[in-house]
Amino acid sequence: MSTTISWDDQRVFLAVLETGSLSGAARSLGLSHPTVRARLEALEHDLGTVLFTRSVNGLTPTETAEALRDAARTMAMASDLFVRQASAPHGTIAGTVRISVPDIMGVEVIPAMLQTLREQHPALRIELSLSNAQADILAHEVDLAVRTVTPKQNALVARKVAAIPLGLFASPDYVARRGVPENVDDLEHHDLIGPDRNQVDLALAASLGPQFKPNRYVLRTDSHPSQLAAARAGVGIAVCHVPLGNADPRLIRVLPDFVVHVLETWIVTHENLSRVPRVRAVFDHLAAAFNRMQNRKPRG
C-alpha cells in the first residue's frame, strides 16, 4: 500500500460515505461524476481494499469503510479548522468563525445578533450550523457554540449568558376564534402543537401534565421553527422562548404565569480558541446580545 494517500481522495470517500452515492458526493463537492468515481477507485487501489460494494440499489459501505468513517471525519474537521485559522492575519478581528446553534435560535434569534456584529467587524465571516445536537468543540468541528445544557467537558471556556423561560403562545387569530385558556386544565379544549419523536422534548411535555400527551397534539414536529411558524399561522398553541414571543406582534402569550421550562444558555469555545481575536470578538458579542435580549421589556 502507498504510504502517501491523497487527502482529495479521502475527502471524496467521506462524501460518498455520507451521501450514499457517487452522484450525491459529486454534487456536495462540486465535482463531476467521473472524477468522483476515479478518485474513489484510486483510493481503493492505494489502500488495497474494497470500500463500497456496488449493486443496482447503489453503494453499500463495507466494514472497512465504516471503520474509517470517524478518522475521515476527524481529518475533514481538521482541514476545515486549518482553513479557518488561516483566514485572518494573527491578532486581527477578521476571518471565519464557525458557530453551532439550536435551530430555533439560528432562525429567530442569532441573525439579528450577527447583523450588529458585522457592523462592528465587517472583516468577519460567519459559518452558521443549525442543529439541536451538540457539535464537538474539542474536535474543532466548530469554533464556538450556543448550548442550552451546562457544559461539562474539560478544555472548554464557557459563559452562562441567559436563563430563557419557555411559555405558551398563540396567534391573535387563534385567540379570537378559540378564546384564551384560563388555566392549564383549559388546554384540554385547545389545539396544541408539540414534539414528534424527540425524546427530550416528549419527556418534558409529559412532565407538564396529561394535557400535553402526544395524542393531544393537532400538529407534531421536532422542528422548533416549524412549531413556531404553525402557531403564528393560527394552527394552535405552541411553546416559544418568552423574550422572542413577547417581542413578536404575531403572537400572544397565553397563561402568562405558566413557565414550561427554563433554558440555561451558554456560549462555549475551546480554551485554545478563546484567545484568538476573531473568536473572542464573536464570543463577547453574543454574550452581550443574549443578556440584552433576556432583559428586554415586553412590548406594550
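Select strand 3 (residues 95–101) together with strand 5: these strands run parallel and are joined by two bridges. Pairing here requires that DSSP find at least two bridges between two strands. Helices (H or I, at least four residues) and strands (E, at least two) are DSSP runs, numbered from the N terminus. Within this pairing, Ile99 has Leu144 of strand 5 as its bridge partner.

The model is a predicted one, in which local features need pLDDT of at least 70 and side-chain atom pairs count only at pLDDT 80 or more, while totals for chains, interfaces and linings use all residues. Residues are numbered from 1 along each chain as its sequence is written, and side-chain values use heavy atoms, with hydrogens and water left out.

Strand 11 pairs with strand 5 in the antiparallel sense, over four bridges. Here Val268 of strand 11 stands opposite Ala145.

Are its two faces covered or open? Both faces of strand 5 (residues 144–147) are covered: Leu144 and Val146 are buried on one side, and Ala145 and Arg147 are buried on the other. Buried means under 20% relative accessible area, exposed means over 50%, and partly exposed lies in between (1.4 Å probe, protein chains only).

Select His140, in the loop between strand 4 (124–130) and strand 5. His140 has a positive phi of about 65° although it is not a glycine. Most residues other than glycine have a negative phi. His140 is buried, with a relative accessible area of 19%.

With a relative accessible area of 27%, Ala155 is partly exposed.

**The largest pocket**

Display the pockets. A pocket is defined on a 1 Å grid over the protein atoms alone, as an open set of points where a 1.4 Å probe fits, with protein on both sides within 12 Å along at least five of seven lines; lining residues have an atom within 4 Å of a point. Grid points are joined across faces, edges and corners, and a volume is the space filled by probe spheres set on the points.

The largest pocket has a volume of about 890 Å³. Its lining comprises 40 residues, of which Thr148, Leu166, Asp201, His224 and Leu263 are the closest to its centre. Helix 8 (residues 199–206) supplies the largest share of the lining, four residues. Coloured by class, the lining shows 27 nonpolar, eleven polar and two charged residues. Ala, Val, Leu, Ile, Met, Phe, Trp, Tyr, Cys and Pro count as nonpolar, Asp, Glu, Lys and Arg as charged, and the others, Gly among them, as polar.

**A buried arginine**

Select Arg232, in helix 9 (residues 224–232). Arg232 is buried, at a relative accessible area of 19%. Which residues does Arg232 contact, leaving aside its neighbours within four places in sequence? They are Glu108, Ser171, Asp248, Arg250 and Leu251, where contact means heavy atoms within 4.5 Å.

**Aromatic pairs**

Rings of Phe, Tyr and Trp (its six-membered ring) pair if their centres lie within 6.5 Å; planes under 30 degrees apart count as stacked, over 60 as edge-to-face and the rest as tilted. By this rule there are two aromatic pairs. Select Phe13 and Phe52: their ring centres are 5.9 Å apart and their planes lie at 55°, so the pair is tilted. Phe13 is in helix 1 (residues 7–19) and Phe52 in strand 1 (residues 52–55), 39 residues apart. Both Phe13 and Phe52 are buried.

Phe212 and Phe258 form a stacked pair, 6.3 Å centre to centre with 15° between the planes. Phe212 lies in the loop between helix 8 and strand 8 (217–220), and Phe258 in the loop between strand 10 (252–254) and strand 11, so the pair ties together parts that are 46 residues apart in sequence. Phe212 is buried at 6% relative accessible area, and Phe258 counts as buried at 17%.

**Helix 2**

Finally, select helix 2 (residues 22–29), where Leu22, Gly24, Ala25 and Ala26 are buried. The buried residues of helix 2 pack against helix 1, helix 3 (33–47) and strand 2 (58–61).
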